[in-house]
Amino acid sequence: MPFPGCEKIWIDGKFVDFEDAKLHILSHVIHYGSGVFEGERCYNTVKGPAVFRLNDHSRRLLDSAKIYRMTAECNPVKPDGTRMFPDDKFLDYTVEDINKATLDTIRINGLDNCYVRPLIYRGDEALGVSPFTCTPHLMIAVWKWGKYLGEDAIERGVDVQFSSWTRIAPNTFPGMAKACGNYLNSQLIKMEAQINGYVDGIACDKDGFISEGSAMNIFVIKHGKIYTPPIGGSELPGITRDSVIKLALDMGYEIVETRIPREMIYIADEAFFTGSAAEVSPIASVDRIPIGKGSRGEITREIQARFFGIVEGKLEDKFGWLTFV
């Protein structure tokens, strides 16, 4: 089974067997990429299974849906006071609804350490660029998933390249939305890297500054300062990114959110990716140039230790990031 442990999937308020979780081939999401999603992790902490920053993920899911006009408040009001479209063409879920459905899905599948994938997608009522006639649906699936970049990536680091593909530009696709269609760009970056013998790629923005990995935020360390690209170019406001910033500041490090030229990473002392799937993964080399000593650096190791200490329940969760199942 490609998704171990995924026995039941939550769809529109009901649990469906894995084999029966299907949608029509003419669904809008298939033809036009009209979906938004999240990637989350549930960790088996010393105090029991807990989802990392569940509330923030559910909030961002609804924010992405709002940007793509899927939520109830986005149904326009006509001059006569009536709504332009039927109410059932918009979502009315709350953050609390999604939180509960997520925890229920983990429980019914009996998992204590898993990846969580909520997805809001447009249905099959019609085809055409406008999605307003297609009903949005919500599904939540969970399964066992190991280290995204490989089991040894956390310690050894990964070898990556700069991609020939540029990240989406502002005012083309909304980078703040975690939308399905955005990840066509990510696929191109990832495939090119794999074909060229690398684990992943780093993409630049439209002006040639470092943006992010194929599906991960990036941090660069030089002379003890931690640099990361600012939100506002084409970077997803990553939740793990935000967590690392909070942890680093709490540990006394200086965080500098600024545009980073490509060549800066070649002469950096350390660099690492962050993401719900990638967690905190060191970058060992870029374009065959070793970063620092060519493996995990000391500051990266310290941040990893704090991060994994919290998500495993071994250190105090002072930020209130864990929601226990």
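A: Angles under 35 degrees count as roughly parallel, over 145 as roughly antiparallel, 65 to 115 as roughly perpendicular and the rest as oblique. This is a predicted model, in which local features need pLDDT of at least 70, side-chain atom pairs count only at pLDDT 80 or more, and totals for chains, interfaces and linings use all residues. Residues are numbered from 1 along each chain as its sequence is written, and side-chain values use heavy atoms, without hydrogens and water.

Take α2 (residues 54-67) and α3 (residues 95-109). Helices (H or I, at least four residues) and strands (E, at least two) are DSSP runs, numbered from the N terminus. The two axes come within 9 Å and cross at roughly 120°. Axes are lines fitted to C-alpha atoms, for helices over the stretch in contact, with angles from 0 to 180 degrees between N-to-C directions. α2 and α3 are therefore oblique to each other.

Contact means heavy atoms within 4.5 Å. Leu-54, Asn-55, Ser-58, Arg-59, Leu-61 and Leu-62 of α2 meet Val-95, Ile-98, Asn-99, Thr-102 and Leu-103 of α3.

Now the rings. Rings of Phe, Tyr and Trp (its six-membered ring) pair if their centres lie within 6.5 Å; planes under 30 degrees apart are stacked, over 60 edge-to-face, the rest tilted. The count is 16 aromatic pairs. Tyr-115 and Trp-145 pair edge-to-face, 4.5 Å centre to centre, with 85° between the planes. Trp-143 and Trp-145 have centres 6.2 Å apart and planes at 40°, so this pair is tilted. Ring pairs link Phe-3, Phe-18, Tyr-115, Trp-143 and Trp-145 into a cluster.
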